[in-house]
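Please look over the sequence and the structure shown below before reading on. The briefing then goes through selected features by topic.

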Amino acid sequence: PTPTLLEDYTPPSHELTSVYLDFDLQPSATSVRSKIDVKRLRDEPLVLNGENIDLRSVKIDGKVLKRTDYKLDQEKLVLAKTPESFVLEIETVCDPSANSTLMGLYVSGGRFCTQCEAEGFRRITYYPDRPDVMSVFTVRLEADIATYPYLLANGNKIEDGAVSDKTGRHYAIWHDPFPKPAYLFALVAGEFDVLEDSFTTMSGRHIPLEIYVDPGNASKAEYAMDALKRSMKWDEQVFGREYDLDLFMIVAVRDFNFGAMENKGLNIFNSSLLLADAASATDMNFERIESVVAHEYFHNWSGNRVTCRDWFQLCLKEGFTVFRDQEFSADQRGGAVQRIKDVRALRGRQFAEDAGPLAHPVRPNAYMKIDNFYTATIYEKGAELIRMLKTILGAERFRAGSDLYFKKMDGTAATVEQFIACFEEASGEDLTQFMRWYEQAGTPKLKVLRETISQGAHRIHFMQSTKPTPGQSEKSPVVIPIRWQIVGDNGALSEPKLTLLTGSGTSVTYPRIDEPYSVSILQDFSAPVTLETDATTDDLLRLMGADPNAFNRWEAGQTLARHLIANMAKAIETGVTPPADTALKGYCEALKKTLDDPDFNNAFKAFVLTPPASSEVMQSLEQVDPIALHEASKWLSRAIGDLLRDDLLDRYHALADTHDFRPDARSAGRRALRNRCLALLASRQDPLAATLSQTQLSESTNMTDELAALMALTRLGGQRVETTMEDFYTKWESDPLVLDKWFSVQAMRRHADGVHAIEQLTESSRYQRNNPNRVRALVGGFAMGNPELFHRIDGSGYRFFTDQVLDMDSRNPQIAARLLGAFEIWKKLDDRRQDMVRGELERVIASNPSKNVLEIAEKTLGA
Ligand code: HT7
Ligand code: ZN
């Protein structure tokens, strides 16, 4: 297969001035009739994409075309010669009930729904399925009234009623006045309960808000509704964006490939990111719901009103919108804690991607399957670029650039260059070098060295370098905004400074300081880089205790913990007992100091008490035995548990619930810290932790505490684990979202009979191999969260995982390709494991997989 290249982009040859779609919805044979007003822009053939649909007829200006009048293959319909302006009519039939890819029109839980981004619309009808072809859509839906009482599509409903000549059928007609590309099209038909509310916009327009959920679940959408109203307000206040249609709808579906989708006026959500109540959802679920509801809503401007010219520009809407949702969450829940969460996610997923075989620029220039490019690099690193833009320009000039972008580009399909040009125009700043961030893959390394110069004054040298990435051997310097500050034992010894590193190195000087001090570098993580400094353990301990920048206080602890884990992993691997480490004692004392500090909130303290995951530590190492690394990571948690046992126990009791469940940040922070204390106690196999967990499991009235107790018990092990797991399953048997959690816990826990236990779960009737949430929970959870089993030296973990990927590939290539990403770290593994992973990747390639899986397998292998 040939890749699609950015450099091959050509503008559309035809304009579609209006589109009328008529759906006759039947589960196994839905007919779609389109009527499109077309204007030819260049004397070229009209190419209409189409996949897995039966073409019944094509008409131009009412005249049926003969088979010889057009070319048709598996992927497209080509009309070689078209009039200058004409009406195109196409009739196709598709089978939504057999559509296991969950792209295009499919059936989930007996309801019709669609997913068109990126290239799903072509599974519905023949159409120029590219984001720069925008049109005004009118859609008629017809279906059985008893089974599908609600008929929804984009925009505003202009008509509905019974179909006069067909008993039991009804119809609805929807019109969306805003031109949009096909990827933003959506329809939904089925039976739902509706949660209704409304929002009055800044110009006084009254907008009904409706959330459609499975019957009986309306109360579980209340938090999402509240988040939606807060998002609408926030976007008005912070970005000056007002909602535009007369109605806003969200629908929850159980079978969905991604988190959610921003279809114009009709967002469709994976139910796991919409439904929540105290008993069945964790604080993390509430937090994710808030941020994803905001994210999809914010797309109404950054994505829908201004969309992308082509899929290479994906970061234009995704990076900007992630940045917007991160800022929203920071305002709702607190800046430092939000920044820590965002940086943890960036490091955990994006840095690994950037350092491995799948590394690609934030704006890639080639792809086989665009579905494979919904990556952490496009989303999370894309958001970091916007954050740096704001840091460099300052808040006011950033807002002016954003206002100009929305004004100038409204109603168009834009490029990254056009976006940046608006910020240049509004700020007067030259952002030519900034564009390199979009073009260059890989995480820059920022090296920082201190030097004493005359009369005790000091100089800091900042230097940058970026390692080669696949297909990009040469790297040029990027512009790196570095926030830094001098810190003494009692806090700041200088104002925070901002230095822009534009070349490969620069230095700054500061005067003599007559007390011990350290330099706090990259405060608030002012750029997405890795840091290499000459900071000593004493420096890190000073920063842990006194840095005025809360983010960097946490960061100093993480750096120290990373060193401790890496040293221990090396010792385990080589069989040499490490010397008693004084850094460990200092680290734990600093943790205790933060734990006791009334100036910090509980959520922050919980993060400080969480050492980096072994997957993160792996990134700083060349090659490592993953089991040794996991053991080292467990060792550090155990050591913290040992050294702080009494404090953790006291804190656990002091943080007990005193009121009914509330999902707010403060209450969630309290639960997070309390459960963190429990986890640390459990990691030292403390018998008291078993008692506390057991009591918490039986007495808790919210899922956060219930699940934390269950996880602590599985960590503690022992015979009661099996019965506890079964009791939990029985209790929640009727709630699929909680059962997904059960499957995740099963995936990540230690099983006496190893990988076989996970294999058996995939064969049990409890498992749903067609449902992405369930597959992600079990197979994804196993590969990403159970290093002991996944990396077993007999290769059984890798073998089982590959079998699952191939099995999934036969039904849903997108999900299969995504799962396969778990192998992206394989070059960090020891030689023996590398050989085994290579074997599995070769097996995948030899199995004639989908294009999605083939692309990931070949790139991972470096083929
Ligand atoms: N813009 C949405 C992307 C999306 C998607 C992409 C590929 C396959 C399925 C999908 N479902 C949703 C999500 C977002 O970023 O808002
Ligand atoms: Zn998005």
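The model is predicted. One sheet has 4 strands in mixed pairing, and another has 4 strands in antiparallel pairing. The helix pairs described are α3 with α4 and α5 with α6.

**The sheet with mixed pairing**

- This sheet is open, and its 4 strands follow the order β30-β26-β25-β32.
- Strands β30 (505-510) and β32 (530-533) each have a single partner strand, so they stand at the edges and one side of each has no neighbour in the sheet.
- On average, neighbouring strands in this sheet are turned by 20° against each other, with direction ignored.
- Strand β25, made of residues 445-452, pairs with β32 in the parallel sense, and the pairing runs over 4 bridges.
- Which residue of β32 is the bridge partner of K447? The partner is E532.

**The sheet with antiparallel pairing**

- This sheet is also open, and its 4 strands are arranged in the order β10-β11-β16-β13.
- Its edge strands, β10 (104-108) and β13 (150-153), each pair on one side only.
- From one strand to the next, the twist averages 20°.
- Between β10 and β11 there are 5 bridges, and the two strands pair in the antiparallel sense.
- Within that pairing, Y106 has C113 in β11 as its bridge partner.

**Helices α3 and α4**

- Helix α3 spans residues 314-333 and helix α4 spans residues 335-355; their axes come within 7 Å and cross at roughly 140°.
- Why do α3 and α4 count as oblique to each other? Only angles over 145 degrees count as roughly antiparallel, and the crossing of α3 and α4 is at roughly 140°, so the two helices are oblique.
- The crossing of α3 and α4 is right-handed.
- On the α3 side, the contact is made by Q326, S329, A330 and R333. On the α4 side, G335, V337, Q338, R339 and D342 take part.
- Sorted by class, the residues of this contact between α3 and α4 are 2 nonpolar, 4 polar and 3 charged.

**Helices α5 and α6**

- Helix α5 (residues 376-393) and helix α6 (residues 395-409) have axes that come within 6 Å and cross at roughly 125°.
- That angle makes α5 oblique to α6.
- Is the crossing of α5 and α6 left-handed or right-handed? The crossing is right-handed.
- Residues L389, K390 and L393 of α5 meet A395, R397, F398 and G401 of α6.
- The contact of α5 with α6 consists of 4 nonpolar, 1 polar and 2 charged residues.

**Around ligand 1**

- There are 15 residues around ligand 1, and those that come nearest are E117, N257, F258, M261 and Y374.
- Which elements each supply at least two residues of the shell around ligand 1? Strand β20 (260-261) and helix α2 (283-298) do.
- By class, the shell around ligand 1 has 5 nonpolar, 5 polar and 5 charged residues.

**Backbone details**

- E117, one of the residues that come nearest to ligand 1, is joined to A118 by a cis peptide bond, with omega at about 0°.
- A118 is placed in the loop between β11 (111-115) and β12 (135-144). Strand β11 also belongs to the sheet with antiparallel pairing.
- N52 has a phi near 55°, which is a positive value in a residue other than glycine.
- Where is N52 placed? N52 is in the loop between β4 (46-49) and β5 (54-60).

How values were computed
Residues are numbered from 1 along each chain as its sequence is written. Chains are lettered from A and ligands numbered from 1 in the order in which they are written. This is a predicted model: local features need pLDDT of at least 70, side-chain atom pairs count only at pLDDT 80 or more; totals for chains, interfaces and linings use all residues. Two strands pair if DSSP finds at least two bridges between them. Axes are lines fitted to C-alpha atoms, for helices over the stretch in contact, and angles run from 0 to 180 degrees between N-to-C directions. A residue is near a molecule or strand if its C-beta atom, placed from the backbone, lies within 6 Å of it. Ala, Val, Leu, Ile, Met, Phe, Trp, Tyr, Cys and Pro count as nonpolar, Asp, Glu, Lys and Arg as charged, and the others, Gly among them, as polar. Angles under 35 degrees count as roughly parallel, over 145 as roughly antiparallel, 65 to 115 as roughly perpendicular and the rest as oblique. A crossing is left-handed if the near helix is turned anticlockwise from the far one by less than a right angle, and right-handed if clockwise. Two residues are in contact if their C-beta atoms, placed from the backbone, lie within 7 Å.
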